[in-house]
Amino acid sequence: MSASNDAIPPWEMAEDDPRLVPVPPAALIASAGAIKLSDEQEAAVKLCTSAPVSILAGGPGTGKSTISRAIFEALGGYQGGVIAASPTGKAAKRLATCLGAEAKTIHRALGYDPSTGGFIHHGGNPLSCRAGVLDEVSMVDCSLMASLIDAMPPRELRRAIKRDA
């Protein structure tokens, strides 16, 4: 986090904090309707779309990709201001296939500037998004994750992080 950012991190905000934007349950169910979810998957989608930060973990074949797509759709996809990102191009391509939408590398989403060695998006110039779906976060180092968190606007932030168990 940048030193100039005095905002309270989303995970320290109260659930009724007006800076957090709740997802209406009716919209959630309607948008996820195209995907057939089990009761457990539906509960995971509801939790991940209402909590400021969520980590979705599980072994192969446990439905992480299905849940990720339902989360992405429930939050409104790109039209709803959701970004999808992964640490590598290969992982971003897999995430795009999973979501049925564009996914970028984290560096591309942040706008890496090789002339400065920094990112275009940061606390002073945040990403224009209200949520992020991140995949393969076990490959993200602390510095890159700090840059990503710093660049995401805390007022409307929802993050769903997917990883293999």
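**Cores, helix H4 and local features of a predicted model**

Of the 21 residues that form the largest nonpolar core, those touching the most other members are Val-45, Ile-67, Ile-71, Phe-72, Val-82, Ala-84 and Leu-99. Two or more residues of this core come from each of helix H2 (39-50), helix H3 (64-74), strand E2 (82-86), helix H4 (89-99) and strand E6 (131-135), and H3 gives the most, with five residues. Apart from this core lies another, of 15 residues, which includes Ile-83, Val-140, Leu-148 and Ala-151.

**Overall make-up**

- The secondary structure of the protein comes to six helices and seven strands, and these follow one another along the sequence in the pattern α-α-β-α-β-α-β-α-β-β-β-α-β.
- Of the 165 residues in the protein, 45% are buried.
- Among contacts in the protein with a separation of 6 or more, 67% are between residues 24 or more positions apart.

- The buried residues in H4 are Ala-91, Ala-92, Leu-95, Cys-98 and Leu-99, and because they cover an arc of only 120° around the axis, they lie on the same side of the helix.
- An α-helix has 3.6 residues a turn, so residues three or four places apart point the same way.
- Lys-90, Lys-93 and Thr-97 are exposed, and they are carried on the face of H4 that is turned away from its buried side.
- The packing partners of the buried residues of H4 are H3, E2, strand E3 (104-105) and E6.
- Just after H4, Gly-100 takes a positive phi of about 70°.

**Thr-105 in strand E3**

- Thr-105, which lies in strand E3, has a side chain that reaches the backbone nitrogen of Arg-108 at 3.1 Å.
- When residues up to four places away in sequence are not counted, Thr-105 touches Ala-85, Ser-86, Pro-87, Thr-88, Gly-89 and Ala-92; of these, Ala-92 is one of the buried residues in H4.

**Cysteines**

- A search of the whole structure finds zero disulfides.
- Cys-98 has a relative accessible area of 15% and is therefore buried, the cut-off being under 20%.
- Cys-129 likewise counts as buried, since its relative accessibility is 7%.

**Aromatic pair**

- The count of aromatic pairs comes to one, and this pair, formed by Tyr-112 and Phe-119, is edge-to-face because the ring planes stand at 65°, where the cut-off is over 60 degrees, with the ring centres 5.7 Å apart.
- Tyr-112 is partly exposed, with a relative accessible area of 40%, a value that falls between the limits of under 20% for buried and over 50% for exposed.

**Glu-136 in a loop**

- Glu-136 lies in the loop between E6 and helix H6 (142-151), and its phi is near 55°, which is a positive value in a residue other than glycine.
- With a relative accessibility of 17%, Glu-136 counts as buried.

Terms used
Residues are numbered from 1 along each chain as its sequence is written. This is a predicted model: local features need pLDDT of at least 70, side-chain atom pairs count only at pLDDT 80 or more; totals for chains, interfaces and linings use all residues. Side-chain values use heavy atoms; hydrogens and water are left out. Rings of Phe, Tyr and Trp (its six-membered ring) pair if their centres lie within 6.5 Å; planes under 30 degrees apart count as stacked, over 60 as edge-to-face and the rest as tilted. Buried means under 20% relative accessible area, exposed over 50%, partly exposed in between (1.4 Å probe, protein chains only). A nonpolar core is a set of buried Ala, Val, Leu, Ile, Met, Phe, Trp, Tyr and Cys residues joined through side-chain atoms within 4.5 Å. Helices (H or I, at least four residues) and strands (E, at least two) are DSSP runs, numbered from the N terminus. The arc is that of the directions from the helix axis to the C-beta atoms. Contact means heavy atoms within 4.5 Å. A disulfide is a pair of cysteine sulfur atoms within 2.5 Å. A polar contact is a pair of N or O atoms within 3.5 Å; within protein, one must be able to donate a hydrogen and the other to accept it, and residues adjacent in sequence count only if both atoms are side-chain atoms.
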